[in-house]
Amino acid sequence: MKLIDTKDAVGHVLCHDITRIIPGVEKGPVFKKGHIVTEEDIPVLLDVGKEHLYVWEKKEGMLHEDEAAEILREICMGNDPSMTASEPAEGKIEIRASVDGLLKIDREKLLKVNSLGEMMIACIHGDYPVKAGDKLAGTRIIPLVIEEEKMNRARAAAGDKPVLSILPIPKLRYGLVTTGNEVAAGRIEDKFGPALVRKMSEYGAECMGQVILPDDRGKITTSIFDFVVKGADLVLCSGGMSVDPDDKTPGAIKDTGAEIISYGAPVLPGAMFLLSYLCSGERTVPVLGLPGCIMYAKRTIFDLVIPRILAGERLEAKDLAAYGEGGLCLNCEVCHFPNCGFGK
């Protein structure tokens, strides 16, 4: 810092807040730390009794907080048009989505940057859908100034690709295969179809049709193939997913030749979830086996994985295993998902 006459302060950066007090009307900073003094500010500063100011003394190799915040913004989003950023203010920048899609975060890079100290990137959770206008992240450095070399280390830790990205969720077509002797015979009403159509409509997905079958392994396999041949982007199989000997859906999915990624997930509700991928020519079609909780539970494993699958991610067994921490839904009386701990 250096002390200068206020009348000579134009273009300099304040090192502290300047407070104005108007009894009964106002008390607070008229200019905040980091403000760059303009010609119009001089009379205001003199009016509040500031004839001298402490300002930042520009030195080679040091960056102002707003300059550093801009580097953090670049690390977060680069020039990605799917996100927008606010102007720097007191060393802070806010990043928002400009499109709908699935937020992805490179968690390893984020940790590296935040571990450097004196700087921070705070994000919402990744792997969840976002809407245009949603707040995604905020960045700032902690001190007023920081070494340029430290910000270069942050750039190096982040690498060439931004920490944040938004994957588009295209409007896909899906087939629905519902199984169960009691449903096929008309003894009970199908609850799976309406629940799944409602959830899939949140992503603009189109249902090509629903077939309701008895617990017949061969017929289930054939119906899955039929949907794939007709061009389905994914197939949802509901019912028949337990270890009951009458439940045939897992075996029927296996009979298609699909690669079974996992039968079971550390999530409640939704432990009996099956994820597989069926190759058909040059296409790979996800085939999901969905447990009964989809019918009645507010949120399940399905809500965690379906946006990622629709966005084109190919999930692996380790992705499902990672849901163990946070995989227990507390079934709150008022559901606030995704603004809760489920799946995080």
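Colleague: Why is Cys-340 called partly exposed?
Modeller: Its relative accessibility is 30%. Buried means under 20% relative accessible area and exposed over 50%, with partly exposed in between (1.4 Å probe, protein chains only), so Cys-340 counts as partly exposed. Bear in mind that this is a predicted model, where local features need pLDDT of at least 70, side-chain atom pairs count only at pLDDT 80 or more, and totals for chains, interfaces and linings use all residues. Residues are numbered from 1 along each chain as its sequence is written, and side-chain values use heavy atoms, leaving out hydrogens and water.

Colleague: How do you know that Cys-340 is too far from the closest cysteine sulfur for a bond?
Modeller: A disulfide is a pair of cysteine sulfur atoms within 2.5 Å. For Cys-340 the closest cysteine sulfur, in Cys-335, is 6.2 Å away, so that is too far for a bond.

Colleague: And what about Cys-332, which is partly exposed?
Modeller: Cys-332 has 43% relative accessibility. Its sulfur is 6.6 Å from the closest cysteine sulfur, in Cys-329, and therefore too far for a bond. By this rule the count comes to 0 disulfides.

Colleague: What makes Cys-76 buried?
Modeller: Cys-76 counts as buried because its relative accessibility is 0%. Cys-76 lies in helix H2 (residues 65-77); helices (H or I, at least four residues) and strands (E, at least two) are DSSP runs, numbered from the N terminus. Contact means heavy atoms within 4.5 Å. Leaving aside neighbours within four places in sequence, the contacts of Cys-76 include Ile-95, Ile-121 and Leu-164.

Colleague: How do you know that the buried residues of H3 are on the same side?
Modeller: In helix H3 (residues 107-114), the buried residues are Lys-109, Leu-110 and Val-113. They cover an arc of only 100 degrees around the axis, which puts them on the same side of H3; the arc is that of the directions from the helix axis to the C-beta atoms. On the other side of H3, Glu-108 and Leu-111 are exposed. The cover over the buried residues of H3 includes H2 and strand E8 (101-105).
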